[in-house]
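Open the model in your viewer and keep the selection panel at hand. The stops below go from one selection to the next.

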Amino acid sequence: MDFDPLSFFEPEPKIAIQNTDNENVGKLHNNDITEVGGNSSETSEETGARKNEDCASGEKDGTVRLQVLDLPIVNTSLPAGVLSTLLKLFEPDQTKNFGPASQATHPTSAQMTMLELEKYLSCKRITTLQLEELSNFLKRNIQSTLTLTYLPKQDHTGITSFLTKVISFPFLNYTEEERDSIYNLASHVMTANSSPALKGDTTRVVEIEGLSKDILLYEPALTEDKIGNITWGASLELAKQIVKDKTSVWLPKPAAAMMTPILELGAGTGLVTIVLGLLGYRVVSTDLPEIVDNLTRNIELNQLEFVKSSPAEKIVTDSLVHVTSLDWRAPNEFLDRTMCLNGYETVLLSDPVYSTSHPYWVRDAVSAVLSQSENAHVVFMVGRRDRFEDVRECLWQLISDLGLKLILSRIVDGYDDYGVLQYDYKVYGRKDQ
Ligand SMILES: C[S@@+](CC[C@H](N)C(=O)[O-])C[C@H]1O[C@@H](n2cnc3c(N)ncnc32)[C@H](O)[C@@H]1O
């Protein structure tokens, strides 16, 4: 029978069924548990009892939820591909926005269409064939349909013990590359649930009311101190303001933004840039050189037309989005390459200050790149985090010292990965409104 990848994910939870007179009961397992499964001393009778319990508690459709005991024995007969697929499935699922709505939604076969499943698997870097290989491997001792429970959350201890075995097993039959990848995946799954900052490679899904499609943001593991590789709540709040308030005083009409593109400084994973691009604005999206690759990847992931230029190349803004590096400490290096010789009329920054030097660097960059036109605006969305009051106040003072007028100042309620957070939404212009 053809493999149905949807069947690998658990059905929606059902109300317990009292009737145990279920024709599937007898089919739920066979006795061959020596080759796979039995990742403990459980006997076939115990396994059978457990399967019968599953069935009695509502698995009436012949499905059995994957449990820790069904995981393969960690030994040399475990194929690297199978183990790799399993570990990828145990990585945290996609994150949606921030705050309460960000609870990772584990897919269920009842909810998912084939298209959604393909999207889910591609975010996890798994092909249908790899899922089938894993399913067949796991099913060798269970003749019923085995579905994937969100095991890391449901049996943390059991999974940690499985991962510990993986990390300490030599896998001498694997290639060096396979071994490294398995150890990386297993240690990533181990740490992933302990802190948002440690969750590593993940794809955040951002849903904004008023936008016709969700935005996908790839966030690689924070292996070094690359703050720009995670999405900050400030960019979501700024993006929401842009979508909600298209008639805002500072937002040019898309046609005007075709003439002088909007410039984003410290764009990070690119949410604001992508929203602007989806709305038809021309954008020059910038960040530190080491952040530009992931920024570009996200613009591509969201299917926007873009051009990327290396630090030595001219910035030719004939594409919808242009990605390049701009270090606030050396804005002239950027100005030497830009075609907008008179500077940019609209400059955007979300969450740019998190050290005492940042306000000064941001001031210097804004001063260098903002046009002298009376229509020029610089827009900030900055998290009102405790202990950073002085840094924020310093920024507002330095921006005012540039002679810019505060024309809009609002506190916006939002979230970041750690919970509820308010944001300062401030717009400065060259002239009073
Ligand atoms: C807190 S993150 C915010 C990222 C993004 N705006 C968001 O809200 O998701 C700060 C951003 O500023 C960038 N950044 C820090 N120092 C910078 C510098 N000297 N020049 C340019 N960008 C810098 C970081 O790389 C990072 O992307």
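Buried means under 20% relative accessible area, exposed over 50%, and partly exposed in between (1.4 Å probe, protein chains only). Helices (H or I, at least four residues) and strands (E, at least two) are DSSP runs, numbered from the N terminus. This is a predicted model: local features need pLDDT of at least 70, side-chain atom pairs count only at pLDDT 80 or more, and totals for chains, interfaces and linings use all residues. Residues are numbered from 1 along each chain as its sequence is written, and side-chain values use heavy atoms, with hydrogens and water left out.

**Stop 1: helix α10**

Select 271-278, which is α10. Which of its residues are buried? They are L271, V272, T273, I274, V275, L276 and G277. Seven of the eight residues of α10 are buried, so the rest of the structure largely encloses the helix. Step just past α10 to G280, where phi is positive, about 95 degrees.

Now pick L276. Its contacts (heavy atoms within 4.5 Å) include I242, L251 and L348, leaving aside residues up to four places away in sequence.

**Stop 2: the sheet**

Show the strands. Eight of them form an open sheet in the order β8-β9-β7-β6-β10-β11-β13-β12, with mixed pairing. Two strands pair if DSSP finds at least two bridges between them. β8 (306-308) and β12 stand at the edges with a single partner strand each, so one side of each has no neighbour in the sheet. From one strand to the next, the twist averages 15 degrees.

Zoom in on β11 and β13. They pair in the antiparallel sense over seven bridges. V382 stands opposite D424 in β13.

Bring the helices back. α10 lies across β6 (262-265), β7 (283-287), β9 and β10 (346-350), at about 170 degrees to β7. α11 lies across β7, β8 and β9, at about 165 degrees to β9. Axes are lines fitted to C-alpha atoms, for helices over the stretch in contact, and angles run from 0 to 180 degrees between N-to-C directions.

**Stop 3: the cores**

A nonpolar core is a set of buried Ala, Val, Leu, Ile, Met, Phe, Trp, Tyr and Cys residues joined through side-chain atoms within 4.5 Å. The largest has 41 residues; L238, I242, W250, V275, L276, L348 and Y425 have the most contacts inside it. α8 (233-244) is among the elements that each supply at least two residues. α8 gives the most, with six. Then select L71, V82, L83 and I159, which belong to a second, separate core of 39 residues.

**Stop 4: L216**

Finish at L216 in strand β5. Its relative accessibility is 11%, so L216 counts as buried.
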